[in-house]
Amino acid sequence: MDKLKITGGARLNGPVRISGAKNSALPAMAACLLTEGELILENMPMVNDILTTRRLLRELGAEVEFDGGNTARLKATRIASHEAPYDLVKTMRASVLVLGPLLARFGKARVSLPGGCAIGARPIDLHIKGFEKLGATVNTEYGYVEAVANRLKGANIVFEKITVTGTENLMMAAALAEGQSTLVNAALEPEISDLADLLNKMGAKISGAGTSVITIEGVETLHGATHSIIPDRIETGTFLVAGAISESNLELTRCNPSHLSGVIEKLREAGAVIEEGADSMRVRGGNELRSADVITHEYPGFATDMQAQYMAMMTQAKGISLITESIFENRFMHASELMRMGANIRIDGSRAVVAGKSRLTGATVIASDLRASASLVLAALVAEGVTTVDRIYHLDRGYEKIEEKLRSFGAQIERLK
Ligand code: UD1
């Protein structure tokens, strides 16, 4: 298993190009199952979750080719299987996104139940209830969800809780249903609007994406399209924290500052100096950071996917900060590893109390999930001495060329095979 060796204390300076959003690219790839036409997806992040999705789609019978750069061509003229097997779903929960498209176009889908993961229980009951509302018969047995339907029928679906992939799955299914569907209490994340844009280019009739009520007028068939994936707001936020906690002057290019307003506001409150351009940002570090409490929320609130990175930053801020995780029940696995590096953190249920500023020192630490890994890398940038971050396959799931990007502006980082 690969590890990262990071020597802290380097001054970071330079530009970094933000990649396409993993969480937009995953549903966009699944959308290829909705049509026999070809999808051309540009600005794709070449991360392991994308390769896992390629494997899954190929197992289903789709053709998926990458051009060696950041463009993917996908075509599912016909399919060979309706099943997303356990070995793929267990490595990537977003595999569940093939359920809606398979069910809508082929009337049948069988997907392994994802079960829990390092950050919490993460059920898919709301996806299932939505498919049933659209007229599908759904059985869960032998560890699989099996859904069948003739043609799905439009319905009014009210989500009891806001779910990002749930909204995406139902939006894709409803796009091919007969009649009108409304998704009420839908997720507002930019990735939802990006998927709606792609589906509309494919011939879908979706309005209201980006608001809490999405209306979908079902169509008989969808066709191929070309679409460019939006910038990754979590990668952007991670580099903003990298700049804020170290003596840095970083320029983030090809990003979308308007997708990060909650995060930018909080980082500024904590003392980060951030300038926003139309599609770029500059962050300067080195000044004294101060504690600022945060509660994670659905978009446009402070993203749960930025909570771990923010905790690393708060270890370097003066004062006591309360970090409350309201989306996932068990998302503080990084805290104990940060403590091994010298952080002063107490966990109390869904709240972490971080007292700073702490002197961090290098240690061997273990990454427990994707964003936890990022938080350990950030802490390592400011720790004295050498930190080895183990199990970085988590990091490789979602950050494109992270060590190359960090090295390009001066970080001392190397991958140990
Ligand atoms: C997506 C993101 C993930 C992010 C999360 C929250 C992708 C591929 N992943 O995950 O990076 O951390 O949004 O912003 O886009 N829930 C249920 N029943 C359901 C579905 C969800 O109870 O059927 C609960 C979850 O356990 C969680 C909350 O709802 O507590 C939000 O989860 P959800 O928005 O569905 O997260 P994901 O879509 O899996």
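Predicted model: local features only at pLDDT ≥ 70, side-chain atom pairs only at ≥ 80, totals over all residues.
Below is a friendly tour of its backbone features, cores, helices, aromatic pairs and cavities.

**Backbone features in loops**

- Asn43 is found in the loop between strand β3 (38-42) and helix α2 (48-60).
- Asn185 is another non-glycine residue with a positive phi, of about 65°. Its place is in the loop between β11 (180-184) and α7 (190-201). With a relative accessible area of 26%, Asn185 is partly exposed.
- A cis peptide bond runs from Tyr299 to Pro300, with omega near 10°. You will find Pro300 in the loop between β19 (294-295) and α10.
- Gly356 and Lys357 are also joined by a cis peptide bond, with omega at about 5°. Lys357 lies in the loop between β22 (351-356) and β23.

**The nonpolar cores**

- As background, nonpolar side chains tend to be buried together in soluble globular proteins.
- Which residues touch the most other members of the largest nonpolar core? They are Leu57, Val98, Met171 and Leu199, in a core of 79 residues.
- Helix α6 (residues 164-175) contributes the largest share of this core, with six residues.
- A second, separate core has 69 residues, among them Leu4, Ala335, Val389 and Ala411.
- Leaving aside residues up to four places away in sequence, Val98 touches Ala30, Leu33, Leu56, Leu57, Leu60, Ala84 and Val111.

- Gly107 follows α4 and has a positive phi, near 75°.

**Helix α11 and its neighbours**

- In helix α11 (residues 333-340), the buried residues are His334, Ala335, Glu337 and Leu338.
- They pack against α10 (307-314), β21 (344-348), β23 (364-366) and α12 (370-382).

**Aromatic rings**

- How many aromatic pairs are there? The count comes to two.
- Phe239 and Phe409 form an edge-to-face pair, because their ring centres are 6.0 Å apart and their planes stand at 85°.
- Phe239 lies in helix α8 (residues 233-245), while Phe409 sits in the loop between α14 (402-408) and β25 (412-416), so the pair ties together parts that are 170 residues apart in sequence. Both Phe239 and Phe409 are buried.
- Phe302 and Tyr310 make an edge-to-face pair too, since their ring centres are 5.3 Å apart and their planes are at 70°.
- Phe302 counts as buried at 4% relative accessibility, and Tyr310 is buried with a relative accessible area of 1%.
- There is also a charged side chain over a ring: Arg110 lies over the face of Tyr144, at 4.1 Å from the ring centre.

**Cavities**

- Rolling a probe the size of a water molecule over the atoms shows where empty space is left.
- The count comes to four cavities of 30 Å³ or more, and the largest cavity has a volume of about 70 Å³.
- Which residues line the largest cavity? The lining consists of Arg233, Ile234, His259, Leu260, Ser261, Gly262, Val263, Tyr299, Pro300, Gly301, Ala303 and Met306.
- The elements that give two or more residues to this lining are α8 and α9 (261-269). Of these, α9 gives the most, with three residues.
- Tyr299 and Pro300, both in the lining, are the two residues joined by the cis peptide bond with omega near 10°.

Conventions. Residues numbered from 1 in each chain as written. Heavy atoms only, no water. Core = buried A, V, L, I, M, F, W, Y, C linked by side-chain atoms within 4.5 Å. Buried < 20%, exposed > 50% of the residue type's maximum accessible area, 1.4 Å probe, protein only. Helix = DSSP H or I, 4+ residues; strand = E, 2+ residues; numbered from the N terminus. Contact = heavy atoms within 4.5 Å. Phe/Tyr/Trp six-rings, centres within 6.5 Å; stacked < 30°, edge-to-face > 60°. Lys NZ or Arg CZ within 6 Å of the ring centre and 35° of its normal. 1 Å grid on protein atoms, 1.4 Å probe; cavity = no way out; pocket = protein on both sides within 12 Å on 5 of 7 lines; lining within 4 Å. Points joined across faces, edges and corners; volume = space filled by probe spheres on them.
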